[in-house]
Amino acid sequence: MAVRDELRQQLELIGAIQPALHLPQNWNYEVDSALFKAYLHPPHDVGGQFDAPGVYEEKEEEQWELNTYVTCEVLGWRGIWNSEERRRRADNDLGYTLYLGIPYYGRWILAAARMLVDKNHVSLTELIEKIAEVKARYAKQ
Amino acid sequence: MSHTHSPGDGGGDHPAAPMVEEITDFEVLEIAVRELAIEHGLFTAEDHRRFTEWAESIGPAAGSRLVAKAWTDPAFKKRLLEDAVKACKEIGIDWAEPTGFGTPSDYMNLRVLEDTPTLHHVIVCTLCSCYPRPLLGMSPEWYRTTNYRRRLVRWPRQVLAEFGLILPPEVEIRVEDSNQKCRFMVLPMRPEGTENWTEEQLAAIVTRDCMIGVALPRPGRTADVHPVQKARRPVQRS
Amino acid sequence: MPSNKPSAKNRTRAVEARFKVGDRVRVKDLPNLFYSRTQMYVRGAVGTIAALTYQDVLPEDEAFNRDGRLEQYYIVRFRQKDLWPEYPFENDSLQTESPERWLEPVDS
């Protein structure tokens, strides 16, 4: 079946996309349909991609990870966002490099930060200043 | 590529986490977002504390008790398969906690998948890591990896073999990709050699991995053994 | 303003379900743009309705906080061989959930 064959090829192309710091393809002015589809593919949709056997690890939970989970859930509890908005921001909007490159809850907290700015709960300036202030506060200790 | 820090390096044994004094960028961001949200009245510190208390109360032991009860009480098993959220209440797990309408991310649509001599279930969420938190607690790290999510839906027997679970071809392996608002738990078969065991004894062999479907319960197997990444600053239980 | 939503289970049934258990369906391959929860590996594949689950809004809309029309959701069962032709075991299967919008009937 043509659709299935084409999707199968797409799946391999998408699986082959990996974040790179520099490639000569930057600012292509022609992108064919297959590559367009691959670029637009939601990064979280990984089922069926090739990967080598890995080690199945547990992880002790960091305090900031639990706090992040709770912050994101409480923002949902209080109606500031719903969890599908969180998933969209944390699993798709960050793009491949961040999606594959930072920890699981790192994506969650970035999604929450972005949401606060996007929905105008805080200005980006305020967020940046807060980050600088927190850094300075803990640097002193 | 150089690594200054090595989460995900694999390799089995990990040295104990060093005493780290400097604060990481993620910790900074977490503090900044939480404090700003509270300062702007999006939620209160009390909301955060209450939800944390709930999050610290959940864990796979509830699922183990649920399975043990289903093994010893056929009427309960029937109710569990018909309406799992309702049956959870009988063992004290209320999916409406802690908000009154459940958690924002777990919804209230639990389904229990019953294994038989010819059918084995295994759960994945290829899109993120949807997991029945109110019943099993937080998902394990391996469940969240792209590796497990990429491969389980296409090469389930290979992945299960890497977990040490090899099933004969006559047994149908059914992968459940939990991609929307249902949450799933596997009800494994009660193993031989557990006749006359108490519910408490039975619950001890129903580990988290058995309820995801990457392991089978058997007498003497009371823990899931995986390499463990140490935290730099682990959760301080209150 | 975003709403503090009750769980899907508490909502009233809004629409008639188009499919019933046992119906053969094909997953649509709609264009991907910004968000989707319909996995590439099931698109275009034919499976069988295994269960009706609940009614809810579509994830593509909910992800942008739009409270759209409720739709019926289904658990769809596929033979692994129908997803991966080279799959070596006849009986193995896979289930995943799909809203009605993403499914089309298959004449048997």
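With 5 C-beta neighbours inside 10 Å, B:N196 counts as exposed, where a residue is called exposed if 12 or fewer other C-beta atoms, placed from the backbone, lie within 10 Å of its own, buried if there are 20 or more, and partly exposed in between. The model is a predicted one, in which local features need pLDDT of at least 70 and side-chain atom pairs count only at pLDDT 80 or more, while totals for chains, interfaces and linings use all residues. Residues are numbered from 1 along each chain as its sequence is written, and chains are lettered from A and ligands numbered from 1 in the order in which they are written.

B:N196 lies in the loop between β4 (183-187) and α10 (199-205) of chain B, helices (H or I, at least four residues) and strands (E, at least two) being DSSP runs numbered from the N terminus. Although B:N196 is not a glycine, its phi is positive, at about 65 degrees. A:N120 is located in the loop between α6 (104-118) and α7 (124-140) of chain A, and it is exposed, with 7 other C-beta atoms within 10 Å. In chain B, the peptide bond from B:E97 to B:P98 is cis, with omega near -10 degrees, and B:P98 belongs to the loop between α5 (84-90) and β1 (110-114) of that chain. Most residues other than glycine have a negative phi, and most peptide bonds are trans.

The domain assignment, which is automatic or taken from a database, divides chain A into domain 1 (3-21 + 28-40) and domain 2 (63-140). The centres of these two domains of chain A, taken over C-alpha atoms, are separated by 29 Å. Chain B is divided into domain 1 (24-57) and domain 2 (59-212), and the C-alpha centres of domain 1 and domain 2 of chain B lie 30 Å apart.

Between chains A and B, 51 residues of chain A are in contact with 58 residues of chain B, two residues being in contact if their C-beta atoms, placed from the backbone, lie within 7 Å. On the side of chain A that touches chain B, at least two residues each are supplied by β1 (58-59), α3 (63-77), α4 (83-93), α6 and α7 of chain A, and the largest share, 13 residues, comes from α3(A). By class, this side of chain A has 23 nonpolar, 14 polar and 14 charged residues, where Ala, Val, Leu, Ile, Met, Phe, Trp, Tyr, Cys and Pro count as nonpolar, Asp, Glu, Lys and Arg as charged, and the others, Gly among them, as polar. Strand pairing also links the two chains, for β1(A) and strand β5 (residues 228-229) of chain B pair in the parallel sense over two bridges, with pairing taken to require at least two DSSP bridges between two strands. The bridge partner of A:E58 in β5(B) is B:V228.

Helix α2 (residues 45-57) of chain B has 13 residues, which at 1.5 Å a residue should span 18 Å, and its end C-alpha atoms are 19 Å apart, in agreement with that value; the expected span is 1.5 Å times one less than the number of residues. The buried residues of α2(B) are B:D47, B:F51, B:T52 and B:A55. Seen down the axis of α2(B), these buried residues fall within an arc of 130 degrees, so they line one face of the helix, the arc being that of the directions from the helix axis to the C-beta atoms. The face turned away from the buried side of α2(B) carries the exposed residues B:A45, B:E46, B:R49, B:E53 and B:S57, whereas what covers the buried residues includes α3 of chain A.

Chain C also touches chain A, in a contact that takes 20 residues from chain C and 21 residues from chain A. The side of chain C that touches chain A divides into nine nonpolar, seven polar and four charged residues. Three bridges join β1(C) to strand β2 (residues 46-56) of chain C in an antiparallel arrangement, and C:G47 is the bridge partner of C:V25 in β2(C). β1(C) also pairs in the antiparallel sense with strand β5 (residues 103-105) of chain C over three bridges, where C:L103 is the bridge partner of C:V27.
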